[in-house]
Amino acid sequence: MKPYFIKDLKPDDAQRIEDRYLVRNADIRDGNNGKKHLYMTLGDASGDIQSVKWSLTPDELKAYAKIEPGMVISVVGRCKDYKGQNQLIIDAIKGRAQEGSYDRSDLFKAAPEEPQAMYDYIVGKINEFKDEDLKKLCLSFYEGEKDRLMYYPAAMSNHHAEYAGLLYHVKRMMMMGELACQVYTYLDKDLLLAGVALHDIEKLDELASDENGVVPEYTLKGKMLGHLVMGVEAIGERCIELGIDEEKCLLLQHMSLTHHYEPEFGSPKKPLFPEAEMLHYLDMVDAKMFDVEDALRFTKPGEFSERVYTLDNRKLYKRTF
Ligand SMILES: [Fe+2]
Ligand SMILES: [Fe+2]
């Protein structure tokens, strides 16, 4: 077990923290004092923390320029309060932690279910589609991208930023989508579930993930276009290749384009048919409920969580029963 999980750190100058953390990003910047400082976001399975190593010596500068996202490093430091947030002031970096010297699950967040089982569930649902066009289209993406789907997260930070998070997100949306079709019987189940299966599929090319599900950055295409527009393009191309009906292709492209709903979240248009409207709600519910669950994971019963940025900076309460 790690001695100092990030969620348990409290500002306390007297406490010397020595532990291994995952580098999420690292940046050497000029300080006002003419010296260079190393800024890093460090992470473990419990969360992330901003950290800084002040006033680097020439030797440190040379050594720390090699620190990259995805590395696990051993650090010694103290936790301080900086504008209401915890910050780790690093006194020393003891180098890269050797693989095998730490428990993988302590450092890397991972979906709670096995990737293969989630993949089988999703592909099983696709195989139940009565619509042969939608089945063929979805299978072509899921079978062609199986290797990356096994570890890809659904985000760089926030919801489902974890190993196999994309499959977990799609699986739970499919489960909810099936129930939604029982209540709102006018929905076309195959179309809704196809929209679920494909709505975030271009995250595979938007995020540059390593095999631990850690995303140091977006791809150039991801930065320029984003997965909604990339989805429109990929679905369009694949539909032509497979000879898919034009209307079905257009509806799925529209679902990709509109699933974030608001222009400020990347959707230039709002949904114009029922399955697209429902897709957005399924997406939002799963993202929010993920963040709620995640915030309370390391909160003790009867206490409040840290502020959650994605939930309007609310602190959530963990019930005692
Ligand atoms: Fe999305
Ligand atoms: Fe999504």
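Biologist: How many residues lie between β1 and β2 in their hairpin?
Modeller: Five residues separate β1 and β2 there, and G34 in the turn has a positive phi of about 85°. Strands are DSSP runs of E with at least two residues, helices are runs of H or I with at least four, and both are numbered from the N terminus. This is a predicted model, in which local features need pLDDT of at least 70, side-chain atom pairs count only at pLDDT 80 or more, and totals for chains, interfaces and linings use all residues. Residues are numbered from 1 along each chain as its sequence is written, while chains are lettered from A and ligands numbered from 1 in the order in which they are written.

Biologist: How many bridges join β1 to β2?
Modeller: Eight, with β1 (residues 12-30) and β2 (residues 36-44) running antiparallel; strands pair if DSSP finds at least two bridges between them. N25 has T41 of β2 as its bridge partner.

Biologist: And which residue of β3 is the partner of Y39?
Modeller: V52 is the bridge partner of Y39. Seven bridges join β2 to β3 (residues 47-53), again antiparallel, and the hairpin between β2 and β3 passes through two residues.

Biologist: Turning to helix α7, is it mostly covered or uncovered?
Modeller: Mostly covered: ten of the eleven residues of α7 (residues 189-199) are buried, meaning that 20 or more other C-beta atoms, placed from the backbone, lie within 10 Å of a residue's own. Among them are D190, L193 and H199.

Notes
A residue is buried if 20 or more other C-beta atoms lie within 10 Å of its own, exposed if 12 or fewer, and partly exposed in between; C-beta atoms are placed from the backbone.
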